[in-house]
Amino acid sequence: MRRYLTLFCLLSVLCFSAVSAERQISLKINGLSGDLYNNVEAYLSSIPQSDYSPRLRFRARIEDNISQALQALGYYHPVISFEYDQENSEIQADVEPGPPTYIDSADIQLTGEARSDEDFIRLVENSRLKKGEILNHEDYEQLKSGLQSLALERGYFNGTFAENRLEILADENLARVVLHFNSGIRYRFGQTIMVGSQIDPERVASLQTYRPGDPYLVSKVGEFNQRLASTDWFASVLVEPDLSHLDTQRDLPMNVTLTPASKNQIETGLGYSTDVGPEVLLKWNKPWFNNRGHSFSSRFSLSEPEQVVSASYKIPLEDVLNQYYQIQYGLKRVDNLDTQSIESNLSLERHWRLSNGWHRTIFTRYLIENYEQGDLDDVGQFVLPGITFTRTRIRGKRLLTWGDKETLTLEYGNENFHSETDILRIQAGTSWIRTYNDRHRGLLRLDGGANLVDDFSQVSPSLRFFAGGDNSIRGYGYESISPRDASGSRSGAKYLATASLEYQYNLYGNWWGALFYDYGDAFNDTPDWKRGTGFGVRWVSPIGPVRLDFAWGLDTTPGDEFQIHFTLGPEL
């Protein structure tokens, strides 16, 4: 008889396991809403659904988790009952949270120099630990950790709790909070001791965000660290207070440990776009040229229509990060459509990074260009003083979720001062990116330019305007939109006006679909507006956004309406 009973039990377990495997058991919580329900859900999420069972042991586990979740929000007397719906394989937990626990008293005291510190006073005042409020354990922990964090941020390195406890009178549904925080003294910045710098110490010290004797503030330390890293002079930067002097002095020495960046840095790369085809890149940089922090950079870019060699020498001024001189030289050869030219540019520049986010540059550049363009075969030279304003604001890393970029450049050349003709050049542009609800992105781009000139026939090709291509009006070839001369060759334009509107939708993961409409023209007198439209795919790759567009030029020559555009690189 015992053998049959054992066999029956074994078969019952096997049958139950088979049924369970076929149908997973679910759990439903009744009787709760709002924060109580959400907190219970959070606690129960630690239990995998594969562990769900109608057995008493599982019910006890669920009851324990629910009780802990409710106690965290001040409910210490819940009543919990269970029902198992075998037909639907569902466990229902009916929960009555019971009466809440109220704060009977909140004894929160600040002693030491923090008692008159407005940040500490504000932190205590904004806490929800007040008499008559329902107890929430998180409020207690947040205030406790907040006092400790604020002490470290503001230089109260000896801060400690004289008393900290949360008393629960469960039978009375009352709680008593006791937090007595003794901050001690607030330490100050002492002298800065630098080790490992290859740059003149005075120049490095000019980047400091504090002075000896200023009250300690960790944000000032972080800002100094960031400013040092932004110079590109150093491979590693560490700024920290010397806490070994806590017992002997209020002014703490600041230790700055620096490791010089490699004096020569070489980068190589390959690129591709439908505008210029395959492109080979080589960069050679010297982030520090001497102990004054001067730097040198150069760039070589080779593609079929354009070959560019450029170099720049940067001389930082007293405000190292925000003001500097720069000497730049570039040599560019162009063989594209109806234009063949070799241009040489030498510019002297003065830069300011302004506090409102704008970057202002005053410059003078000397341009010599030997060119053939349609009927023209000439050598032009221009001396062009000018000013540029730029500003870029972005959020996001590989994919921008928000951003805008504005540029404005004015240049002037005079026939009496080594220019072929009197000319005033104006270029402006703005680009916007906005994201809605994580899955929808909108891009807007506007670009314009004007050559106000006495004799346009004397203007070199690099100063003229062309439209069309990957980053202009899609559906048209690179710089294919232009007025034409008597021979039918593209001659470049006096004016430029283009606009682009694009909508993107997140298809899956890092893949986006896009719809776009481009509009504009490069013209001399009256615009003959060109339209381009199409769709595309965007991939947020590890090295940046990749864009593939299928575009139709609505106003192009019949037979050339369709263009494929492929680009790799930032959208702003």
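Colleague: What makes the meeting of the R250 and E113 side chains a salt bridge?

Modeller: Happy to explain, with the reminder that this is a predicted model. The N to O distance between the side chains of R250 and E113 is 2.8 Å. The cut-off is 4 Å between a side-chain nitrogen of Lys or Arg and a carboxyl oxygen of Asp or Glu, so the R250–E113 pair counts as a salt bridge.

Colleague: How many salt bridges are counted between domain 2 and domain 3?

Modeller: The count is 1. There are also 2 residue pairs in polar contact between domain 2 and domain 3, with both residues at pLDDT 80 or more. On the side of domain 2 that touches domain 3, the classes are 2 nonpolar, 2 polar and 3 charged residues.

Colleague: And where do these domains lie in the chain?

Modeller: The domain assignment puts domain 2 at 102–182 and domain 3 at 188–260; domain 1 (26–96) and domain 4 (326–568) complete the list. The C-alpha centres of domain 2 and domain 3 are 33 Å apart. Their contact involves 7 residues from domain 2 and 8 residues from domain 3.

Colleague: What area is buried between domain 2 and domain 3?

Modeller: About 590 Å², with carbon and sulfur atoms giving 60% of that area.

Colleague: Which feature does UniProt place at residues 403–569?

Modeller: The unreviewed UniProt entry gives "domain: Bacterial surface antigen (D15)" there. In the model, residues 403–569 are 57% strand and 0% helix, and the end C-alpha atoms of that span lie 15 Å apart.

Notes:
Residues are numbered from 1 along each chain as its sequence is written. This is a predicted model: local features need pLDDT of at least 70, side-chain atom pairs count only at pLDDT 80 or more; totals for chains, interfaces and linings use all residues. Side-chain values use heavy atoms; hydrogens and water are left out. Domain bounds come from an automatic or database domain assignment. Contact means heavy atoms within 4.5 Å. Buried area is the accessible area (1.4 Å probe) that two parts lose on being put together, summed over both. A polar contact is a pair of N or O atoms within 3.5 Å; within protein, one must be able to donate a hydrogen and the other to accept it, and residues adjacent in sequence count only if both atoms are side-chain atoms. Ala, Val, Leu, Ile, Met, Phe, Trp, Tyr, Cys and Pro count as nonpolar, Asp, Glu, Lys and Arg as charged, and the others, Gly among them, as polar. UniProt positions are given in the numbering used here, feature names are shortened, and annotations may be inferred rather than shown by experiment. Helices (H or I, at least four residues) and strands (E, at least two) are DSSP runs, numbered from the N terminus.
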